[in-house]
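Subject: Structure handover

Hello,

Please find the sequence and structure below. My notes on the fold, the cores and the aromatic contacts follow.

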Amino acid sequence: MSAGAVWLLSVLWVVTQVGVDGVATGVPLSALVTLPVVGAFLWLDRWEPERPCRLVSAFAWGASFAAFCSIWSQQGLQAVVDTTMGTDFGAWFRPLVITPVTEEIFKGLFLVWLLTYRRRQITGLLDGVVYAGLVGAGFSFTENVLYFGRIITTFAASDASDVNAIAVLGAGFFLRVVMVPFFHPLMVAVFGLGIAAAANKHGRGARVGLALAGLLVAIVLHGAWDWAGLAGSDPLLIYKIYGAVMVPVFLTMLVLALVVRKREAKMIAAALPVLARDGHVAPEEVAPLANLVERRRWRRAVRRRSGRAAARATGRYQAEASALGIRAARSWSTGDREGLDEQMRATAAARADMLEALTTRSAGRT
């Protein structure tokens, strides 16, 4: 079953909750909130951009399979808990345990797949953050369709002059638009750090331990946030938890991502002259590869001269050269050559594809 079909199933379930009008309103509102989040993670990924198809797959997994499986597993588990333990127990057990565990596991399965089958594609911590962030953004997109639709339909059914209804509308939009756009991406990114750290470990035990540690931290943070929402006796507790826990975690993750991004840029710039000396990149490519502005100019010039296909091939080569620079710099500092030879071959293949695209277009013009 395709991701699109699964996403449609999720939307159909949302329709049963908020109606067609709620979904029609929720989808564009959710898109407006989600697009800046996606843009932020793509910006982080500019030095060594992952393959677009894989980035789209990460977002699609979060928006479809993760969201759909979370919805239905929570419904089923809630029914079991209510039946066996009572509804009072289930009222707090679901947000504290069922929701964080199911959502973080289903979101994180895409990262587990990467670690299991595409481990060599994870060159550093930033890759884990980017993939995880897009999974979380996809999940938020589908979830926000439900929440925005519910907010709008509830307000539409009330008296427009009702002060309480207006307050609920404002509080709902403030929560979804201001406080939690990065919530799900942040939670999955914590797991993504564990996955990325595990990708560079040789022992299976170390990989499993790091991945589980990242998942556990994400579940605990998610549970802390949902616990704040349960505290009806203290409506301000959710803002206290937000300020005391979520904001520091978000700022820490932001600083870490920016530091890692800058470090990767330095590793690439330092490695390029050596790679040129060894014949992995052309000497005249060192300067443009070491500067994002020059890279963009290079792609634009290729597009004008040789078309979009050649520009895409050039971008792929730039990304593979960056990955080679990161792996080479890490190999020189640690002595670990795992993945380096494979990356050399990938870079050589990407450069050959670029040159072929340029040559094919030039031959077509003659």
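**Notes on the model**

Of the contacts in the chain with a separation of 6 or more, 77% are between residues 24 or more positions apart, where contact means heavy atoms within 4.5 Å. This is a predicted model: local features need pLDDT of at least 70 and side-chain atom pairs count only at pLDDT 80 or more, while totals for chains, interfaces and linings use all residues. Residues are numbered from 1 along each chain as its sequence is written, and side-chain values use heavy atoms, with hydrogens and water left out.

**Overall**

The chain has twelve helices and zero strands. Both are DSSP runs numbered from the N terminus: helices are H or I of at least four residues, strands E of at least two. The C-alpha trace spans about 70 × 50 × 40 Å along its principal axes. The chain has 366 residues, of which 46% count as buried. Buried means under 20% relative accessible area, exposed over 50%, and partly exposed in between (1.4 Å probe, protein chains only).

**Cores**

A nonpolar core here is a set of buried Ala, Val, Leu, Ile, Met, Phe, Trp, Tyr and Cys residues joined through side-chain atoms within 4.5 Å. The largest one has 46 residues, and those with the most contacts inside it include Phe110, Tyr131, Ile195 and Trp225. Two or more residues come from each of α1 (3–44), α2 (52–85), α3 (87–117), α4 (125–156), α6 (183–199), α7 (204–230) and α8 (237–277). The most come from α6, which gives twelve residues. Ile195 touches Leu111, Val112, Leu115, Ile122 and Ala211, leaving aside its neighbours within four places in sequence. Apart from this core lies another, of 28 residues, including Ala265, Ile268, Ala276 and Trp298.

**Aromatic rings**

A search of the whole structure gives twelve aromatic pairs. Rings of Phe, Tyr and Trp (its six-membered ring) pair if their centres lie within 6.5 Å; planes under 30 degrees apart count as stacked, over 60 as edge-to-face and the rest as tilted.

- Phe59 and Phe141 are a tilted pair, 6.3 Å centre to centre with 45° between the planes. The pair links distant parts of the chain, with Phe59 in helix α2 and Phe141 in helix α4, 82 residues apart. Phe59 counts as partly exposed because its relative accessibility is 23%, whereas Phe141, at 13%, counts as buried.
- Phe68 and Trp72 are also tilted, at 6.1 Å centre to centre and 55° between the planes. Both lie in helix α2, four residues apart, about one turn of the helix. Trp72 has 44% relative accessibility and so counts as partly exposed.
- Phe41, Phe182 and Phe250 form one aromatic cluster.

Charges over rings also turned up. The criterion is NZ of Lys or CZ of Arg within 6 Å of the ring centre and within 35 degrees of the ring normal. Lys107 lies over the face of Phe139, 5.1 Å from the ring centre. The charged end of Arg150 sits over the ring of Tyr147, at 6.0 Å from its centre.

**Cysteines**

The structure holds zero disulfides, a disulfide being a pair of cysteine sulfur atoms within 2.5 Å. Cys53 counts as exposed because its relative accessibility is 51%. Cys69 is partly exposed, with a relative accessible area of 28%.

Regards
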